[in-house]
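Please look over the sequence and the structure shown here before reading on.

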Amino acid sequence: MEEKENQIRNTCNFAGARPIMVDLPYPPIQVAEKNLAYANLLSIDYCGAVSEMSAITQYINNENRLSYEKCATSVTILGLAMAEMMHLQKLGQLIDLLGGRVDFIAKHRNGRNRMWTPEFLTIPEQEKRMIEADIEAERGAINQYRVHINMIHDKEVNAVLERIIMDEEYHITILQALLKEE
């Protein structure tokens with residue numbers, strides 16, 4: 001019985017996993033002045049349907065489901081999730097500095113605030129579809145960040161968002177490479 005249990009144990013080693021991101025520093029986390037409207041925009045990036053919270057959760061789910069059969073892919077996906085966690089943390093700091101509240105509620109301008117939910121995720125069964133969904137999520141995040149950059153007139157905040165976009169673009173390159181390995 002113990003031998004059978006050992007056979008189904010996950011042997012994927014995540015000890016060396018590191019965030020996968022562009023090798024450039026982040027700008028200082030600071031704001032020109034408090035601005036609740038900007039904080040609310042960032043809350044959408046923090047925990048909206050297209051958000052760092054959604055990316056983290058989707059990546060971790062994919063990593064867990066792939067770790068038994070595709071260890072190298074799983075470790076890569078964990079590295080992507082770790083970078084998204086860093087983005088979440090930086091957005092949280094900006095929201096706080098802008099005078100907003102760091103919670104799991106995306107505060108939309110139309111007043112339709114929405115708490116983060118796993119319903120926002122795309123969770124396909126096949127590895128190829130998982131990676132394609134991850135690429136689409138990264139593209140959606142980049143587009144949303146660009147819209148928010150155009151709405152935010154704070155050079156300090158926008159510098160951080162531009163740096164996050166660099167990571168997201170790099171993530172697409174990594175994910176496309178994983179698709180080619182299929």
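## Report on the predicted model

Along its sequence, the protein chain follows the pattern α-α-α-α-β-β-α-α. That makes six helices and two strands in the protein chain. The model is predicted.

**The chain as a whole**

A compact globule of 182 residues would have a radius of gyration near 16 Å, and the protein chain, with 18 Å, agrees with this. Along the principal axes, the C-alpha atoms of the protein chain fill a box of roughly 60 × 35 × 25 Å. Of the 182 residues in the protein chain, 45% are buried. Among the contacts in the protein chain with a separation of 6 or more, 81% are between residues 24 or more positions apart.

**Helices α4 and α6**

Two packed helices are described by the angle between their axes and the distance between the axes. Helix α4 covers residues 71-97 and helix α6 covers residues 155-181. Their axes come within 11 Å and cross at roughly 170°. Angles over 145 degrees count as roughly antiparallel, and α4 and α6 are therefore roughly antiparallel to each other. On the α4 side, the contact is made by Thr73, Thr76, Ile77, Leu80, Ala83, Glu84, His87, Leu91 and Leu94. On the α6 side, the contact is made by Val157, Val160, Leu161, Ile164, Asp167, Glu168, His171, Ile174, Leu175 and Leu178. Sorted by class, this contact of α4 with α6 has twelve nonpolar, four polar and three charged residues.

Which loop holds Tyr26? Tyr26 is in the loop between α1 and α2. Its relative accessibility is 17%, so Tyr26 counts as buried, the cut-off being under 20%. Apart from neighbours within four places in sequence, Tyr26 is in contact with Met21, His87, Lys90, Arg163, Ile164 and Asp167. Of these, His87 belongs to the α4 side of the helix contact described above, while Ile164 and Asp167 belong to the α6 side.

Asp23 also has its place in the loop between α1 (2-8) and α2 (36-47). Is Asp23 buried or exposed? Asp23 is exposed, because its relative accessible area is 78% and the cut-off for exposed is over 50%.

Phe104 is found in the loop between α4 and β1 (105-106). With a relative accessible area of 38%, Phe104 is partly exposed. Leaving out neighbours within four places in sequence, Phe104 is in contact with Tyr46, Cys47, Met53, Arg114, Met115 and Trp116.

| Pair | Apart along the chain | C-alpha to C-alpha |
|---|---|---|
| Phe104 and Tyr46 | 58 residues | 7.8 Å |
| Tyr26 and His87 | 61 residues | 10 Å |
| Asp23 and Val160 | 137 residues | 15 Å |

Notes. Residues are numbered from 1 along each chain as its sequence is written. This is a predicted model: local features need pLDDT of at least 70, side-chain atom pairs count only at pLDDT 80 or more; totals for chains, interfaces and linings use all residues. Side-chain values use heavy atoms; hydrogens and water are left out. Axes are lines fitted to C-alpha atoms, for helices over the stretch in contact, and angles run from 0 to 180 degrees between N-to-C directions. Helices (H or I, at least four residues) and strands (E, at least two) are DSSP runs, numbered from the N terminus. Angles under 35 degrees count as roughly parallel, over 145 as roughly antiparallel, 65 to 115 as roughly perpendicular and the rest as oblique. Contact means heavy atoms within 4.5 Å. Ala, Val, Leu, Ile, Met, Phe, Trp, Tyr, Cys and Pro count as nonpolar, Asp, Glu, Lys and Arg as charged, and the others, Gly among them, as polar. The radius of gyration is taken over C-alpha atoms; the globule rule is 2.2 Å times the number of residues to the power 0.38. Buried means under 20% relative accessible area, exposed over 50%, partly exposed in between (1.4 Å probe, protein chains only).
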